Amino acid sequence: MPDTPDLQPATVAVTAGRPERVADNPLNEPITMASTYVAGGDVEYGRYGNPSWAAFEEALGALEGGRCLSFASGLATVATILDLVGQGQTVVAPRHSYNGTIMQLADLEARGRLTARLVDVADTKAVVEACDGASLVWLESPTNPALELADIPAITEAAHEAGAYVVVDNTFATPLLQRPLAQGVDLVVHSATKYLSGHSDALLGALVTGDDELYGVLKNRRDLVGAIPGTLEAWLALRGLRTLHLRIERAQANAQSLVTRLEAHPAVGEVRYPGFGAIVSIVLAEGALAADLLTRKTRLWVHATSLGGVESTFERRRRWKTEPATIPDALVRLSVGIEDVEDLWADLERALDDLTG
Ligand SMILES: Cc1ncc(COP(=O)(O)O)c(C=O)c1O
């Protein structure tokens with residue numbers, strides 16, 4: 001783990017994962033395109049390591065407070081972790097986890113590999129009760145796209161008492177707004193595709209842990225299975241990470257300003273916002289058709305899946321057949337970007353006014 005306890009997160013985001021400061025070394029870790037290395041060192045082969053991944057891992061590890069491994073995507077990270085669950089064991093997970101995570105659990109359950117106990121993650125008592133007999137407690141907080149929050153310390157304590165590992169998908173909050181390892185969690189997961197990279201141009205996943213044994217086991221799995229990141233993607237993600245604090249600050253301020261205005265608009269029946277971050281979910285008063293119309297009426301807001309980029313995007317989540325039926329049909333998830341908030345509101349307001357007019 002890099003030795004950075006005295007530095008603030010914004011400084012860590014900028015300074016961690018740099019090459020050694022000696023004459024003529026570059027300031028940034030270069031893109032190393034290599035499938036193999038001269039024998040006799042620590043890496044040996046391109047599936048086992050790469051300096052460009054290592055630089056990204058050092059920076060994210062320093063921000064989350066643990067040791068990091070990067071993967072081909074967020075879901076490759078999720079699959080590598082779920083692969084460690086023993087035959088027939090039980091996994092507790094939020095019923096409104098990211099739908100790819102839910103689908104992986106459903107697939108493993110259908111093949112008799114494990115039992116998935118899906119819970120309302122905001123109902124701490126129910127989650128604590130569900131921990132009994134589980135070997136893994138998966139948390140996502142805030143959840144995508146329902147934006148529910150988990151009581152991470154209380155659930156972690158109960159899970160550990162039950163002998164279960166605890167994972168938090170920290171994609172929405174990022175280590176700047178929430179540091180689950182400091183709350184006792186065993187593993188943090190990221191779709192680095194989202195805020196960490198921040199420019200909608202790379203797919204990447206990552207995990208971070210403070211447990212050296214767990215790190216070793218997961219590194220062995222990555223070596224064996226080969227769900228490794230692309231070198232360019234890791235480089236892009238680290239470049240994105242350098243401005244994470246500025247992007248989050250601006251996007252969050254924009255989101256908070258939009259929440260107040262959305263709450264007052266008659267076309268909006270409900271606004272969901274957990275109080276931090278830059279994802280806002282709205283439920284259109286006039287139903288799913290109005291939600292679909294909204295996504296076609298804007299000039300700045302882009303109708304697109306994914307989130308966490310510099311540009312504002314939105315989508316009606318139930319357009320995906322795999323989205324849980326408990327997510328409202330008319331829910332539109334907004335990923336608020338870093339544009340001028342007055343331009344964002346003017347564009348959104350015009351489209352919302354059209355729906356009521
Ligand atoms: C919360 C969350 N976790 C995991 C993932 C999966 O990440 P990826 O698309 O990088 O595989 C996503 C993707 O949307 C997500 O939103």
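Q: What should I know about the model and its numbering?

A: Residues are numbered from 1 along each chain as its sequence is written. In this predicted model, local features need pLDDT of at least 70 and side-chain atom pairs count only at pLDDT 80 or more, while totals for chains, interfaces and linings use all residues, and side-chain values use heavy atoms, with hydrogens and water left out.

Q: Which residues are around the ligand?

A: A residue is near a molecule if one of its heavy atoms lies within 4 Å of it. Here the residues around the ligand include Ser-73, Gly-74, Tyr-98, Glu-140, Asp-169, Thr-193 and Lys-194.

Q: Which polar side-chain atom lies 2.7 Å from an oxygen atom of the ligand?

A: A polar contact is a pair of N or O atoms within 3.5 Å. An atom of this kind in the side chain of Thr-193 lies 2.7 Å from a ligand oxygen, a nitrogen of the ligand is 2.7 Å from a side-chain N or O atom of Asp-169, and a backbone N or O atom of Gly-74 is 2.9 Å from a ligand oxygen.

Q: How many disulfides does a search of the whole structure find?

A: A disulfide is a pair of cysteine sulfur atoms within 2.5 Å, and the search of the whole structure finds zero of them.

Q: Is Cys-68 buried or exposed?

A: Buried means under 20% relative accessible area, exposed over 50%, and partly exposed in between, with a 1.4 Å probe and protein chains only. Cys-68 is buried because its relative accessible area is 5%, and Cys-131 is buried because its value is 1%.

Notes. A polar contact is a pair of N or O atoms within 3.5 Å; within protein, one must be able to donate a hydrogen and the other to accept it, and residues adjacent in sequence count only if both atoms are side-chain atoms.
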